[in-house]
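Hi everyone, thanks for coming. Let me put the sequence and the structure on the screen, and then we can walk through them together.

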Amino acid sequence: MEGEREMWEALGIDLKRNDEFLEAAGKIYGDVYMKQSNRPKGMDFFDFVMSEVHSIRPKEMVDHRKKGGKVVGTFCVYVPDEIVFAANGISVGLCCGSDFSFSDADDILPANLCPLIKSGMGFKKGMLSPYFEACDFLVGETTCDGKKKAYEILDNFYMPTYIMEVPHKKDLEQRKLWLKEVELFKEKMEKEAGVEITAEALGEKIKLINARRKALQRLYNLRKNSPPPISGKDALLVSQIAFYDDPERFTSKVNELCNELDERVKNGEGVMEPTSPRIMVSGCPMVVPNWKLHNIVETSGAIVVCEETCTGTRYFDTPCVDETPTDIKGQLEAIADRYLNIKCSCFTPNDDRVEQIVEYAKEYKAEGVIYYTLQFCLAYNVEYEKVKRALNKEGIPLIKIETDYSQEDIGQLRTRVEGFLERIASNNEL
Amino acid sequence: MFAGIDIGSLFTKAVVLKDGEIAGLSRISSRTDPKRGCEQALEEAVTKAGCNNVNIKCIVATGYGRRSCSFADKNVTELTCHATGAYYLNPNIRTIIDIGGQDSKVIKLDGKGNMADFMMNDKCAAGTGRFLEVMAQALEIGLDSMGEVSLTSDAPCSLSSTCTVFAETEVISLIASGADKEDIVAGLHMSIAKRVGSMVKSLGLQKEVAFTGGVAKNSGVKAAFEEFLGTKFANIDEDPQIIGALGAALVASKS
């Protein structure tokens with residue numbers, strides 16, 4: 001993009017490291033994405049978004065601020081985008097998916113911390129990401145202890161960070177607390193943006209974000225077909241881009257893609273052989289450019305048909321926000337209810353999630369489930385035992401993969417994934 | 001005739017099958033040049049079988065270096081190969097503990113010899129052949145004599161670290177504090193048994209249990225496992241280090 005270097009410079013980005021990062025990420029993207037065969041044409045848009053990842057969207061964010069709008073950076077699926085957009089703001093999910101920035105955070109964070117937190121902190125501290133630098137402030141949440149404490153460091157030393165308290169139970173008392181948090185966030189956005197959020201504006205943005213959810217639901221439903229009309233890698237990329245692209249443009253592009261996939265399904269056309277094992281991935285988020293597991297699975301002859309993750313179903317699957325209330329109070333309640341329904345492992349009890357994994361495995365006709373946990377992600381890691389028991393009961397093969405963002409364990413992971421696929425194949429022969 | 005090649009981190013093993021029987025086998029050090037290692041290993045096994053390469057109908061490569069074996073017809077993971085090899089030698093086997101140079105794994109078999117489940121250790125030398133190598137160096141005793149030495153201990157040391165680096169530090173301080181070598185070695189063996197044994201327990205211990213891989217040659221580790229798991233290992237009348245290659249040859253013969 002023309003003028004990108006000037007923009008980066010004005011944002012204070014470390015230009016040399018930024019070049020290094022874009023080169024490295026571009027190479028990975030080429031290896032992982034461009035070597036796939038029979039990709040839908042509709043992926044061209046998403047390839048383009050990735051090729052301009054540090055340019056076009058950050059430019060839109062910068063321009064939005066010039067016009068007086070606010071830009072908010074987020075880290076989690078619990079921050080209600082509807083409220084940000086209703087206050088004439090933009091929200092973007094921030095960069096936490098690469099070990100490129102670890103060295104920038106190593107001196108202030110413990111070694112045994114989840115890679116997502118380390119990566120995000122590194123991108124901010126090292127001035128490596130135009131997304132961070134083009135934000136007015138960050139909105140964190142209390143979904144894990146590591147993030148909670150890291151947000152304090154971010155807020156005190158690097159960038160103003162507002163915290164929404166996500167409760168850890170789903171009873172009525174906790175719902176009250178969460179509703180209060182949603183109301184406070186609305187006030188925070190109003191104060192920051194200097195606008196009053198009207199019922200009309202909020203109603204409009206509820207529809208905007210619901211439309212994005214529905215487009216993603218449509219995409220995921222198409223993956224239930226055999227053969228799937230789109231690879232897991234491509235679907236994952238679409239989900240990842242949902243977090244930061246302009247919602248209206250994104251939704252229309254996903255729907256275009258889905259129109260094409262509808263045609264493919266009608267013609268029985270898929271990206272892989274109908275006999276390729278169908279794998280569901282369940283667990284932790286995969287943030288751009290983390291395509292490691294999907295790439296191993298899909299270069300071993302299998303296909304990922306669903307992600308039960310924060311960068312998958314957890315982002316959009318829960319019933320949409322109820323669009324019927326026409327007053328602010330009712331709308332905020334509808335928002336609070338929708339978000340509280342998300343099945344994150346930070347909740348206890350969390351049996352809903354376990355049941356949902358079993359349902360998804362059946363709906364998506366998964367022949368095996370890979371339980372994916374990021375290293376040191378305690379809640380997802382421990383919850384594995386319950387998922388294991390539930391899937392064992394259903395006779396659905398399961399394997400746990402615990403990893404981080406490094407490339408060093410790819411050989412070992414490949415052996416485990418291939419072994420898992422061999423196990424599924426020998427099951428099928430019986 | 002069929003051949004299986006198991007390219008491990010420390011050794012490459014090859015097995016040639018003729019009329020469903022092992023006709024030749026070999027073991028070559030493959031630390032530095034795994035590619036050359038697999039050519040050599042196959043050559044040696046073929047020579048021992050008294051035949052030549054052209055008679056081989058199918059070659060299956062396995063082990064961590066399986067992709068570097070350019071002349072193989074097929075790659076199969078060592079998980080499937082160990083399952084196939086051990087089941088062939090003893091069809092009563094339902095659990096396999098395999099400890100090689102750089103990883104350890106536990107494989108569960110169903111009644112037909114198919115792999116029903118497995119677990120592997122991650123990204124770390126703890127509880128592997130390499131772990132024992134490092135410890136043997138720290139203790140200045142031969143790797144091959146560790147088993148025998150440990151069996152003379154009647155008071156094994158307790159080691160809290162399973163990490164290779166930390167365990168080495170712990171071993172050095174134990175030496176400094178005057179602990180007997182046999183007790184330290186016995187303690188190390190028990191630490192492996194506990195670490196890998198907990199994977200067995202996690203999958204659910206089912207008899208018979210086989211112990212394969214290079215570390216299965218260490219009688220001390222074997223005894224530690226038997227104590228920790230409360231069960232004896234099943235007999236397999238073959239070098240435990242070639243089970244993967246044997247399994248690969250069997251997979252070749254089936255495809």
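How many residues does the contact take from chain A and from chain B? The contact takes 11 residues from chain A and 12 residues from chain B, with two residues in contact if their C-beta atoms, placed from the backbone, lie within 7 Å. On the side of chain A that touches chain B, helix H19 (residues 410–429) gives the most, with nine residues. Helices here are DSSP runs of H or I, at least four residues, and strands are runs of E, at least two, numbered from the N terminus. By class, that side of chain A has no nonpolar, five polar and six charged residues; Ala, Val, Leu, Ile, Met, Phe, Trp, Tyr, Cys and Pro count as nonpolar, Asp, Glu, Lys and Arg as charged, and the others, Gly among them, as polar.

A quick note on what you see: this is a predicted model, where local features need pLDDT of at least 70, side-chain atom pairs count only at pLDDT 80 or more, and totals for chains, interfaces and linings use all residues. Residues are numbered from 1 along each chain as its sequence is written, while chains are lettered from A and ligands numbered from 1 in the order in which they are written.

Now chain A as a whole. Chain A has 19 helices and eight strands. Its C-alpha atoms fill a box of roughly 65 × 50 × 45 Å along the principal axes. Among contacts in chain A between residues at least 6 apart in sequence, 76% join residues at least 24 apart. Buried residues make up 50% of the 430 in chain A, buried being 20 or more other C-beta atoms within 10 Å of a residue's own, with C-beta atoms placed from the backbone.

How values were computed:
Buried ≥ 20, exposed ≤ 12 C-beta atoms within 10 Å, placed from the backbone.
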